[in-house]
Amino acid sequence: MDLAQATATSGGDVDTPVRAAHAPISPATDAYLSQQLNPAQKDAVTAPDGPLLILAGAGSGKTRVIAYRIAFLVMERKVPADAILGVTFTNKAAGEMKERVEKLIGPDARRVTLGTFHAICARWLRRYIDRIGYDSSFSIFDADDQLTLLKRLYADAGINQKQFAPQAVRAEISKAKERLETPAQYSRRAEDPFQSAVASLYRRYQESLQEQNAVDFDDLLVLMLRVFEEAPDVLRRFQRQYQQVLVDEYQDVNKVQYLLVKHLAAGHRNLTIVGDDSQAIYGWRGADVRYILEFEHDFPESRVVRLEQNYRSTKTILKAAQAIEAGLSARRDKRLWTENGEGVPITVCQAADERDEAMFVAREVEKLHNEGQRYRDIAVMYRMNSQSRALEEALVRRRLPYQIVGGTRFYERREIKDVLAYLRLINNPADAVSLERIINVPNRGIGDTTLDQLRDWAAALGIPVPYTLKLLRELDQAHEQGTDRQASIAPPFGDRAKNQLVAFARLMSDLQEAGRTSGLVELFDMLLLRTGYREYLANDKAGEERWENVMELRSVVTDYAGMEPGAGLRAFLENASLVADVDSLKAEQDSITLLTLHSAKGLEYPVVFITGMEEGIFPHSRSQGDPEQMDEERRLCYVGMTRAMQRLYLVHCDVRTVYGTPRSGEPSQFLASVPMDRLHLVNSYGMQAHSLGGGQAAVRTWSGTGTTIGGQAGGRGGREGSGRPERKQFGSLEAIIQRTGIRHGSDFVQTASLTPQARPTAATVPPVRVPTRGNAAPAPVVAPAKAKYAAGQRVRHTSFGQGTVLASAITRRGEEEVRVRFDGVGEKTLLGALAPMEIVA
DNA sequence: TAGTATTTAATTTTT
DNA sequence: TTAAATACTA
C-alpha cells in the first residue's frame with residue numbers, strides 16, 4: 001500500500017476544511033508512515049504547520065523525509081500540490097525529489113514547484129523582471145561572460161589588468177552582491193586602492209549589465225529579492241500561492257537566499273528547513289551556517305526534529321567521520337549512530353606520486369570489480385578538479401569506464417559557448433558580450449581595429465554597440481533605396497569593414513526573424529548553416545570533436561522543439577545557463593564516478609576513494625591560517641567520508657607535481673584524526689605497509705616530521721626519524737643557474753626560458769636531440785657546452801645514497817635532467833636543481 | 001587582419 | 001602543465 005491508497009482508505013476527509021493543520025492523522029496513514037519511517041522521521045513528516053527545523057545528520061534519510069512530507073502535505077493535509085515550493089541544492093536533487101514524490105502521490109507531483117534557488121528565481125524573473133527595469137528576454141551571464149565584460153570595462157575605468165586581476169574583481173563584486181551592497185554602498189565602504197577600483201568597476205559593471213539586459217548568477221537572486229521589495233503585490237501573490245515552503249541544505253544558504261525564504265514564508269510561516277551544520281561547505285560562496293544555527297531565534301515557535309540514525313555507512317566509517325567532525329571548533333551537538341555492522345577497516349594508502357596514487361586507485365577498482373563490485377558503486381573524490389587528470393590517465397590505461405563531473409564542463413567549451421552566444425543574441429539583441437564573442441567567429445574580417453572603431457562610434461552616438469549595427473544596416477538599406485539618410489555622426493569604417501559589418505547585421509536580423517517564427521531545431525540548423533560554423537571548425541585541430549559537441553547540443557535542443565518559438569529558445573537558454581555538473585551524472589551507466597568533494601554533496605556510494613590527502617591540497621593551502629576556513633575544509637572532509645557506505649579509501653602522496661614542479665607533501669592532518677584502530681595502512685600495491693610500524697609511529701609521522709621526498713625508492717614509507725629534507729624548489733632561471741653552476745649565454749642556453757639578450761643564434765650553438773623522461777617525444781634543445789653531470793659519473797644523493805649517472809640532458813626548461821642508477825635502488829630520473837647531487841668521482 | 005611564435009601567469013571549491 | 005595575453009610576421 002502506498003500513501004495514496006492509505007489516505008484514500010482513511011476515507012471521509014474530503015469534505016473537511018482545506019487545511020486541517022493540526023487535525024489528527026488518519027489511522028491508516030499513521031500506520032503506513034510508522035511502517036515506512038523511524039519515529040523521528042515520522043515526527044518530521046507529520047509535524048504540524050509552522051516553522052520546522054529538521055537537523056538531519058549524514059545518511060539519515062533526509063531526502064526520504066522531504067519527499068514523504070510533501071506527499072503527506074498533499075494527501076493528508078490537502079495542500080494543493082501547486083501550493084508547495086521545494087528548494088534543493090542541485091537540479092538533479094530536484095529531479096530525484098520529484099520522482100520520489102511522484103511515486104508516493106502520482107502525477108500530481110508534477111505541479112509541485114521544485115528547483116534550485118537560481119532556477120526558481122530565473123523562472124519567476126521571466127514574469128516579473130519588467131517591474132525593475134529589465135526585459136524578460138534577459139541573458140544570464142556566467143563567470144566567463146562576467147570576466148569578458150569586466151575586461152572590457154577596465155579600459156574605460158582607466159585600470160590596467162596587471163594591477164587588479166579581473167578574477168579577483170569578479171569575486172569581490174559577487175561578494176558585494178551576496179551582502180546586498182549596491183555599487184554606491186560599496187563605494188562608501190571602500191578603503192584600499194583595490195576596493196576603490198572595484199567600486200568604480202562595480203558601478204560600470206552593473207550599468208553595463210542593465211544596458212545589455214543581462215543578469216549574472218547573483219543577480220538572479222538579488223533581483224528577485226528586489227522585485228519582492230519593490231513590488232509588494234508580486235510578493236503577496238507568491239505568498240498566497242505557496243502555502244508551504246521547504247528548503248533543503250539550509251546550512252549552505254546565503255543572505256539573499258535567506259531573505260527570499262523569509263519573505264515567502266512571512267505570512268503563514270509554514271517553513272520546513274532541512275540541514276546539517278557539519279556539512280556546511282559553501283562559506284566561500286557567501287553561505288552562512290548561522291542561518292541554520294539561529295533558525296530557532298528567527299522563528300521562536302519552531303519545532304525541531306533531529307534525525308540521528310544513519311542508514312548509510314558502516315560503524316567504522318561513521319566513527320572515522322565523527323572523529324573528523326570532533327575536530328571542529330564550532331558545531332551543534334549531534335549524536336549520529338547506526339545499526340549497521342562494523343564493516344571493513346578504512347584503507348589508508350601512501351603513494352609515491354600522483355601517478356602512483358592513480359595506479360593504486362585503478363588497481364584497487366579492478367580488484368573490487370573482480371570481486372563483483374559494480375563500477376557505478378565506486379566514486380573517486382578530490383579537492384581540486386586539476387587532480388582528476390592523473391586519475392583519468394590511469395583509468396584509461398586500464399580501460400576502466402568512468403564518468404567525470406566538472407572539469408571542462410560541456411557548457412564551457414568554446415564551440416558550445418559560441419553557438420550559445422548566437423542563440424543568446426537572437427533572444428536578446430542587446431547582449432553585447434555575446435555579440436563581441438561571435439562577431440568575428442567564424443572569421444569575417446572584423447578584427448580588433450574595426451571593433452574598436454565600432455565601439456568608438458557607439459560611444460560617440462551614445463547608444464549601445466549592438467544598436468549601432470542595426471543603425472548601420474538601416475543606413476545601408478536607405479542608401480540602396482536611394483533615400484539617403486545620415487547618421488548624426490558618420491560611420492568611421494572603411495568600405496571593406498563596413499560591408500562585413502552590414503553583412504553580419506543582416507545575418508543576425510535574419511536569424512532573429514527565424515527565432516520569432518521557426519522552431520528551435522530549425523533555427524539551430526539555420527544558424528549553423530548560415531554562419532558556416534561547421535566549415536569553420538574543420539580548420540580546428542580538435543574540429544571533429546568540437547562538431548560532435550555541437551551536435552550533442554543540437555540533441556539537447558530537440559527537447560524544446562515542441563514549444564512556442566520564443567518561449568522554447570528562452571527555456572533552452574535558461575536551462576543551459578543553470579545546469580550544474582552533477583546534474584548530468586548518469587546513474588544508470590556502469591562507470592566509476594570522478595568528482596570533487598564539493599560536487600559529492602548529497603550523493604552516496606558503496607565505495608569511496610578520497611585522493612590527495614595531503615597538507616596544502618586537502619586542507620587546501622589557501623585555507624591554512626584561517627580557522628574558519630580550516631573548519632570548512634574539515635567539514636568538507638566529513639562530507640566526503642560520509643558519502644561512503646561500505647568501503648572508504650584515503651590516499652596521499654609523498655610527492656605531487658603541481659604546475660609542472662614536483663613538491664613533497666606531508667600527509668593531511670585529517671589523517672591523524674582518524675582512529676588508528678579503524679585503519680589499514682597500505683602502500684600503492686595494496687600491501688600492508690610494514691615500515692609504518694605500529695599505529696603510534698604512523699600517527700607521529702603524519703602529524704609531525706613528514707615523510708621523505710621521493711621516499712618511495714627503497715622501503716616505501718616514512719621511516720621514523722628519517723626527517724624531512726628541506727623543500728627544494730625551482731625558482732627563477734637565475735636560481736637554477738646559480739644552483740647548477742651553469743652560466744647562460746656561454747655554457748648553454750635553451751630558447752624558451754631565457755631572456756632575448758642571452759639567446760644565442762642557431763649558428764653558435766647547434767641544436768641536438770637529447771633523450772627525455774619516459775617515452776615522450778624528445779624535446780629539441782640546445783646542447784649544453786658543459787653539463788654538470790656526465791654518464792658514468794659516480795654521484796651521491798641526499799636521499800638515495802650513491803649511484804652512477806646513466807645519461808644527462810638539459811631540458812627545454814633549462815633544467816638538467818639526470819638519470820641515475822642508485823646502488824640497490826634502481827633507476828631514477830632527477831632534475832638537477834631539484835635534487836642536487838654531489839659528484840663523488 | 002590572420003596566423004604563428006613567444007611569453008607570462010595562474011591555479012579551490014560552484015549555482 | 002596549460003590557457004591566455006602579447007608580440008611578431010606574412
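**Aromatic pairs and charges over rings**

In this predicted model, one aromatic cluster is formed by W124, Y128, F228, F238 and Y242. The structure holds 19 aromatic pairs, where rings of Phe, Tyr and Trp (its six-membered ring) pair if their centres lie within 6.5 Å, and planes under 30 degrees apart count as stacked, over 60 as edge-to-face and the rest as tilted. Among these pairs is that of Y186 and Y202, which is edge-to-face, with 6.3 Å centre to centre and 85 degrees between the planes. Because Y186 belongs to helix α9 (residues 183–189) and Y202 to helix α10 (residues 193–211), the pair ties together parts that are 16 residues apart in sequence; helices (H or I, at least four residues) and strands (E, at least two) are DSSP runs, numbered from the N terminus. Y186 and Y202 are both buried, that is, under 20% relative accessible area, with exposed being over 50% and partly exposed in between (1.4 Å probe, protein chains only).

The ring centres of F609 and Y649 lie 4.2 Å apart with the planes at 10 degrees, so this pair is stacked. Since F609 is in strand β15 (residues 605–610) and Y649 in strand β16 (residues 644–653), the pair ties together parts that are 40 residues apart in sequence. Both F609 and Y649 are buried.

Charges also sit over rings, a term requiring NZ of Lys or CZ of Arg within 6 Å of the ring centre and within 35 degrees of the ring normal. R126 is placed over the face of F138, 3.9 Å from the ring centre, and the charged end of K601 sits over the ring of F89, at 3.6 Å from its centre.

Residues are numbered from 1 along each chain as its sequence is written, while chains are lettered from A and ligands numbered from 1 in the order in which they are written. Local features need pLDDT of at least 70 and side-chain atom pairs count only at pLDDT 80 or more, whereas totals for chains, interfaces and linings use all residues, and side-chain values use heavy atoms, with hydrogens and water left out.
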